[in-house]
Structures are given as structure tokens and as C-alpha cells.
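This report describes how one protein chain is put together. Please look at the sequence and the structure below before reading on.

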Amino acid sequence: MKRYCLALDLKHDPALISAYEQWHKELWPEIRQSILDSGIKQMEIYRLQNRLFMIMETVDDFSFERKASMDAANVLVQEWEALMWKYQQALPFAKPGEKWMLMEKIFELNQTAWTSN
């Protein structure tokens, strides 16, 4: 299993943030199924003010390219993404068209950074 962490911002508006959270409490079943079908086994989204942090656990052969291709071919996923974009905004340093951005792991408690001989 692989783990990925991603970040994205919401528009800094309490009403929009509340609505975004409500949409995720009432996630469309087809969206849930498309996530599972892409090889994502578990997904969590956390929020701090308007910053979102997503943790995804996936099958070993998960591919962002394959997921993007599946999403592009799914009308309901495209509808969901367009709806969510009303609440979301790209991170300040994102390239045009980038939404969720992959984060780099910089620390792991149970992994030693050095070895002694």
C-alpha cells in the first residue's frame, strides 16, 4: 500500500467552507465509487482555516495519470469537480490548472536518518 499527502486551499469565506464540508458529508455515491475504482483504498481530508490536507492510501500500482484518465471519462466526476471548484482555489504557488498538489514527506518518526557503523 502507498500513502500520498496533498494540499489545496478553499476560498476564504466561512459560508463557502461550510458548504464545501456539507457536500463532503453527503458525497455522491458515484464519486465514492470512482475513488475506490481508481485504486484509492482510504482517503481523509483535514482542514485548517481554508487550507485542506488530504491523505490517500492506495493500492501499490496506483497511478495519478490513470485516475486522471478515468475521471476525464466520467461525466459525474467532471460535474463534481466543477462544483467543488466553486469552493476551492489553487495554492499560491500552483501552476495554471493545478488543484490538489502532492506534498513531499520530510520526516518519519520510525525511520532513521543516519546509520552508525
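A nonpolar core is a set of buried Ala, Val, Leu, Ile, Met, Phe, Trp, Tyr and Cys residues joined through side-chain atoms within 4.5 Å. Buried means under 20% relative accessible area, exposed means over 50%, and partly exposed is in between (1.4 Å probe, protein chains only). The model is predicted: local features need pLDDT of at least 70, side-chain atom pairs count only at pLDDT 80 or more, and totals for chains, interfaces and linings use all residues. Residues are numbered from 1 along each chain as its sequence is written, and side-chain values use heavy atoms, with hydrogens and water left out.

**The core**

The largest nonpolar core has 18 residues, and those that touch the most other members are Leu10, Tyr20, Ile31, Met56, Met84 and Tyr87. At least two residues of this core come from each of strand 1, helix 1 (14-25), helix 2 (29-37), strand 3 and helix 4 (75-85). Helix 4 gives the most, with four residues. Helices (H or I, at least four residues) and strands (E, at least two) are DSSP runs, numbered from the N terminus.

Leucine 10 lies in strand 1. What does leucine 10 touch, not counting residues up to four places away in sequence? The list is Ile17, Tyr20, Arg47, Asn50, Leu52, Tyr87, Gln88 and Gln89, where contact means heavy atoms within 4.5 Å. Leucine 10 and glutamate 21 are eleven residues apart in sequence, and their C-alpha atoms are 11 Å apart in space. Isoleucine 31 is in contact with Leu76, Val77 and Trp80, leaving aside its neighbours within four places in sequence.

**Helix 4**

The buried residues of helix 4 are Val77, Trp80, Leu83 and Met84. They lie on the same side of helix 4 because they cover an arc of only 125° around the axis. The arc is that of the directions from the helix axis to the C-beta atoms. The buried residues of helix 4 pack against helix 1, helix 2, helix 3 (64-72) and strand 4 (88-89). At the N-terminal end, asparagine 74 caps helix 4, with a side-chain oxygen 3.0 Å from the backbone nitrogen of leucine 76.

**The strands**

Two strands pair if DSSP finds at least two bridges between them. Strand 1 (residues 2-10) and strand 3 (residues 51-58) run antiparallel and are joined by eight bridges. In this pairing, aspartate 9 stands opposite arginine 51 in strand 3. Strand 2 (residues 40-48) also runs antiparallel to strand 3, and eight bridges join them. Here arginine 47 stands opposite leucine 52. Strand 2 and strand 3 form a hairpin with two residues between them, and glutamine 49 in the turn has a positive phi of about 55°.

Threonine 58 is found in strand 3. Leaving aside its neighbours within four places in sequence, threonine 58 is in contact with Met1, Lys2, Tyr4, Gly39, Ile40 and Lys41.

Methionine 101 is found in strand 5 (residues 101-102). Its contacts, again leaving aside neighbours within four places in sequence, are Cys5, Leu6, Ala7, Leu91, Phe93 and Ala94. Methionine 101 and methionine 54 are 47 residues apart in sequence, yet 9.6 Å apart in space, C-alpha to C-alpha.

**Aromatic pairs**

Rings of Phe, Tyr and Trp (its six-membered ring) pair if their centres lie within 6.5 Å; planes under 30 degrees apart count as stacked, over 60 as edge-to-face and the rest as tilted. A search of the whole structure finds seven aromatic pairs. One of them is edge-to-face and joins tryptophan 23 and tryptophan 28, at 6.3 Å centre to centre with 80° between the planes. The rings of phenylalanine 62 and phenylalanine 64 have centres 5.0 Å apart and planes at 85°, so this pair is edge-to-face too. Ring pairs link Tyr4, Phe62 and Phe64 into a cluster.

**Lysine 67 and a list of accessibilities**

Lysine 67 lies in helix 3. Lysine 67 touches Ser38, Ile40 and Phe62, not counting residues up to four places away in sequence. The table gives the accessibility of lysine 67 and of other residues named above.

| Residue | Relative accessible area and class |
|---|---|
| Leucine 10 | 0%, buried |
| Threonine 58 | 0%, buried |
| Phenylalanine 62 | 6%, buried |
| Lysine 67 | 15%, buried |
| Methionine 101 | 16%, buried |
| Tryptophan 28 | 18%, buried |
| Tryptophan 23 | 28%, partly exposed |
| Phenylalanine 64 | 31%, partly exposed |

Note on methods: Polar contact = N/O pair within 3.5 Å; in protein donor to acceptor, adjacent residues only side chain to side chain.
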